Amino acid sequence: MWVSDITYVATVEGWVYLCTVLDLYSRRVVGWSLSCSPGAELVLAAVAMAVIRRHPPRGLIFHSDRGFQYTSGQFRAIAKGYGFIQSMSRRGDCWDNACAETFFKTLRAELIRGKIYRSREEAREEIFKYVQVFYNRKRLHSYLGYLKPTEYEELKERRTA
């Protein structure tokens with residue numbers, strides 16, 4: 001199951017929007033994108049990255065909130081094409097998307113800490129390093145028995161091989 005959501009990050013140049021796709025199995029960020037616009041293209045780019053990296057099977061459950069990006073015809077067509085089963089939070093119930101919200105809370109606490117980036121490019125570079133270098137490969141997760149997402153996946157692969 002994958003879960004996705006969007007947040008915003010302040011820069012001197014204006015907001016930059018971040019969309020992430022997390023694999024709930026390992027808590028790994030499998031796709032992400034940044035844009036000056038919070039439109040459906042932001043989500044489509046993050047999903048494309050996730051699909052290229054993971055090659056998910058048809059029938060994968062893809063959960064999100066009810067944001068216009070996820071209810072758009074463009075996203076629904078892409079989700080159908082990949083064979084995703086689309087799942088959405090109930091109206092006004094943020095707890096349904098708690099894992100994605102928790103990732104953003106962690107990102108804000110460990111990286112952003114109220115910072116306003118000098119540029120969108122600086123925000124992109126810092127978020128890239130946080131997600132790709134630290135969060136997926138070095139950060140320990142209590143949910144995973146204090147393993148790193150990549151380490152957890154490797155351990156499970158060895159056990160099933």
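Within helix α5 of this predicted model, Arg124 and Glu121 lie three residues apart, about one turn of the helix, and their side chains meet in a salt bridge with an N to O distance of 3.9 Å. Arg124 is partly exposed at 34% relative accessibility, and Glu121 is likewise partly exposed at 43%. Helix α5 also holds Lys129 and Glu126, again three residues apart, about one turn of the helix; Lys129 is partly exposed, with a relative accessible area of 44%, and Glu126 is partly exposed at 24%.

Glu126 also takes part in the contact of α5 with helix α4, where Ile127, Tyr130, Val131, Phe134 and Tyr135 of α5 join it in meeting Phe103, Thr106, Leu107, Glu110 and Leu111 of α4. By class, this contact has eight nonpolar, one polar and two charged residues. The axes of α4 (residues 98-112) and α5 (residues 120-135) come within 12 Å and cross at roughly 110°, and the two helices are therefore roughly perpendicular to each other.

Glu110 is partly exposed, with a relative accessible area of 28%, whereas Arg139 counts as buried at 19%, the cut-off for buried being under 20%.

| Salt bridge | N to O distance |
|---|---|
| Lys129 and Glu126 | 3.6 Å |
| Arg124 and Glu121 | 3.9 Å |

A search of the whole structure finds eight salt bridges, and Asp23, Arg28, Arg54 and Glu153 are linked in a network of such pairings.

How values were computed: Residues are numbered from 1 along each chain as its sequence is written. This is a predicted model: local features need pLDDT of at least 70, side-chain atom pairs count only at pLDDT 80 or more; totals for chains, interfaces and linings use all residues. Side-chain values use heavy atoms; hydrogens and water are left out. Axes are lines fitted to C-alpha atoms, for helices over the stretch in contact, and angles run from 0 to 180 degrees between N-to-C directions. Helices (H or I, at least four residues) and strands (E, at least two) are DSSP runs, numbered from the N terminus. Angles under 35 degrees count as roughly parallel, over 145 as roughly antiparallel, 65 to 115 as roughly perpendicular and the rest as oblique. Contact means heavy atoms within 4.5 Å. Ala, Val, Leu, Ile, Met, Phe, Trp, Tyr, Cys and Pro count as nonpolar, Asp, Glu, Lys and Arg as charged, and the others, Gly among them, as polar. A salt bridge is a side-chain nitrogen of Lys or Arg within 4 Å of a carboxyl oxygen of Asp or Glu. Buried means under 20% relative accessible area, exposed over 50%, partly exposed in between (1.4 Å probe, protein chains only).
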